[in-house]
Amino acid sequence: MNFTETPLQGAYLISLEKREDKRGFFARSFCIQEFNMHNLETQFVQGNVSFNVKAGLIRGMHYQHGEHAEVKLVSCLSGSIYDVIVDLREDSPTYMQWFGAELSAQNGKLMYVPRGFAHGYQALSDGALVHYMVSACYAPDAEDGLKYDDPAIGIKWPMAVTETSPKDSVWPLIRKI
Ligand SMILES: Cc1cn([C@H]2C[C@H](O)[C@@H](COP(=O)(O)OP(=O)(O)O[C@H]3O[C@@H](C)C(=O)[C@@H](O)[C@H]3O)O2)c(=O)[nH]c1=O
């Protein structure tokens, strides 16, 4: 696995080291030894999969508070998504900055999202299948979110937004939090 730190400290884009043969390829999508070498979280407690019917839909921007804060390791197993993270660590030099990257079945990339970040994505293809591991269990009472189009963050989504969940359309703007 190849680890490239994003402009947001501690967040990584990871690419697969493919071993190809006539059958296709083999690659690791997680390795405790390689993650330890980069001082990354290795204790994942839940694996999630989400299927996204239509291109353009957005899920996010989500995070959990306090002891429920999660590290996430995100990949796209079919189709493609634009994956976005926002640094919400008040002591970080990149506080309130965002970073986005395309994750696809084709490019095999993974996003490593540290604790203290909000996370979300836009489906770039119909039927995008997303898989992610998280380091803390789902805790609805600790769940929170940012509005995907909050002008205080200014995320540039690649496509027109076709759909969000009711929950994601009413997160408060940051200045009101
Ligand atoms: C996230 C989650 C949801 N659920 C339930 C709650 C609800 O009934 C249904 C759908 O939940 P949501 O609408 O919150 O699903 P979704 O909008 O896909 O939420 C996810 O979005 C992405 C961007 C993330 O980063 C994830 O951490 C997670 O917050 O699944 C669980 O049972 N366990 C979980 O871990």
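Start by selecting Trp157: this residue is partly exposed, because 17 other C-beta atoms lie within 10 Å. For that label, 20 or more other C-beta atoms within 10 Å of a residue's own make it buried, 12 or fewer make it exposed, and anything in between is partly exposed, with C-beta atoms placed from the backbone.

Before moving on, a word about what is on your screen. This is a predicted model, in which local features need pLDDT of at least 70 and side-chain atom pairs count only at pLDDT 80 or more, while totals for chains, interfaces and linings use all residues. Residues are numbered from 1 along each chain as its sequence is written. The chain has a mean pLDDT of 96, and 98% of its residues reach 70 or more; pLDDT is the predictor's confidence in each residue, from 0 to 100. The model also scores ipTM 0.98 and pTM 0.97.

**Around Trp157**

Trp157 sits in the segment after strand S13 (143-145). Strands (E, at least two residues) and helices (H or I, at least four) are DSSP runs, numbered from the N terminus. Which residues does Trp157 touch, leaving aside its neighbours within four places in sequence? Select Ile58, Tyr82 and Gln122 to see these contacts, where contact means C-beta atoms, placed from the backbone, within 7 Å.

**The ligand**

Next, click on the ligand. Its surroundings include Asn48, Arg59, His62, Lys72, His119 and Tyr138; a residue counts as near if its C-beta atom, placed from the backbone, lies within 6 Å. Strands S5, S6 (58-64) and S11 (117-123) each supply at least two residues of this shell. Colour the shell by type and you get 2 nonpolar, 7 polar and 3 charged residues. Here Ala, Val, Leu, Ile, Met, Phe, Trp, Tyr, Cys and Pro count as nonpolar, Asp, Glu, Lys and Arg as charged, and the others, Gly among them, as polar.

Stay with Gly60, one of the shell residues. A cis peptide bond, with omega about 0 degrees, joins Gly60 to Met61, and Met61 belongs to strand S6.

**The open sheet**

Now show the strands. Six of them form an open sheet in the order S1-S2-S10-S7-S12-S5, with antiparallel pairing; two strands pair if DSSP finds at least two bridges between them. S1 and S5 (46-52) are the edges, each with a single partner strand, so one side of each has no neighbour in the sheet.

Zoom in on S1 (residues 2-5) and S2 (residues 12-15), which pair over 4 bridges. Asn2 stands opposite Ser15. In their hairpin, with 6 residues between the strands, find Gly10, whose phi is positive, near 90 degrees. On to S10 (residues 110-113), joined to S2 by 3 bridges; here Leu13 faces Met111.

**Two loops to finish**

Most residues other than glycine have a negative phi, and most peptide bonds are trans. With that in mind, select Asn39, which has a positive phi of about 55 degrees. Asn39 lies in the loop between helix H1 (32-37) and S5. Is Asn39 buried or exposed? Asn39 is exposed, because 8 other C-beta atoms lie within 10 Å.

Your last stop is Met96, with a positive phi of about 75 degrees, in the loop between strand S8 (80-87) and strand S9 (98-104). Met96 is partly exposed, with 16 other C-beta atoms within 10 Å.

How values were computed:
Two residues are in contact if their C-beta atoms, placed from the backbone, lie within 7 Å.
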